[in-house]
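Open the model in your viewer and keep the selection tool at hand. Follow the stops below in order.

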Amino acid sequence: MPQVVIFMGSISDEEKMRPCSDLLKELGIDHVFTVSSAHRTPERTARLVAEYEAAGCRVFICAAGLAAHLAGAVAAKTIRPVLGVPLSASALGGMDALLATVQMPPGFPVGTVALDKVGAQNAAWLAAQIIALNDEGVADKIRQAREGFIASVEKAAASL
């Protein structure tokens, strides 16, 4: 049973979103990583949201560029948390995707993170924190990771 479902609008988004899947694996969070487009396959998107929600999915992560309607389309179909990762895919440098992802109507929120790979990683961290509310094992893994972050900064500072 996947706790997190990662949707990408296009297979070309895989390189930018792979860090999200990799981090969820590291944290031991069962997830699905797939392609579904809000525009090209709206019926597939709606069907998958319903199926994964019924199977117990706790968080949806949606990544898209350009019009970036995917996170909003998913938010319209579920009351589970939806996290949006805007992707830079146009001459606008991702600003179009950022605005499309963050500007949702009241009642259909999308938690929007940074662009591209940093956003992919932070979406995984945020999904893990949501799951950690009811899973002490995941909470412990997050705490351990943060201790590692602290240690690496201390080590870098000491090396100067």
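Select T101 and show its contacts. Leaving aside residues up to four places away in sequence, T101 touches A68, A71, G84, P86, V110 and T112. Keep in mind that this is a predicted model. Now colour helix α4, residues 95–102; T101 sits in it. Is T101 buried or exposed? Its relative accessibility is 3%, so T101 counts as buried, the cut-off being under 20%.

Go next to G84, one of the residues that T101 touches. G84 belongs to β4, and C62 stands opposite it. Select residues 59–65 for β3 and 82–87 for β4. These two strands run parallel, joined by 6 bridges.

Now show the whole sheet. It is open, has 5 strands and pairs them in parallel. Which order do the strands take? Read across: β2-β1-β3-β4-β5. The edges are β2 (31–35) and β5 (111–112); each has a single partner strand, so one side of each is left without a neighbour in the sheet.

Last stop: the largest pocket. Select G9, R40, A64, G65 and L66, which lie nearest its centre among the 16 lining residues. What is the make-up of that lining by class? The lining has 7 nonpolar, 7 polar and 2 charged residues. The space in this pocket comes to about 230 Å³.

Conventions: Residues numbered from 1 in each chain as written. Predicted model: local features only at pLDDT ≥ 70, side-chain atom pairs only at ≥ 80, totals over all residues. Heavy atoms only, no water. Pairing = 2+ DSSP bridges. Helix = DSSP H or I, 4+ residues; strand = E, 2+ residues; numbered from the N terminus. 1 Å grid on protein atoms, 1.4 Å probe; cavity = no way out; pocket = protein on both sides within 12 Å on 5 of 7 lines; lining within 4 Å. Points joined across faces, edges and corners; volume = space filled by probe spheres on them. Nonpolar A, V, L, I, M, F, W, Y, C, P; charged D, E, K, R; others polar. Buried < 20%, exposed > 50% of the residue type's maximum accessible area, 1.4 Å probe, protein only. Contact = heavy atoms within 4.5 Å.
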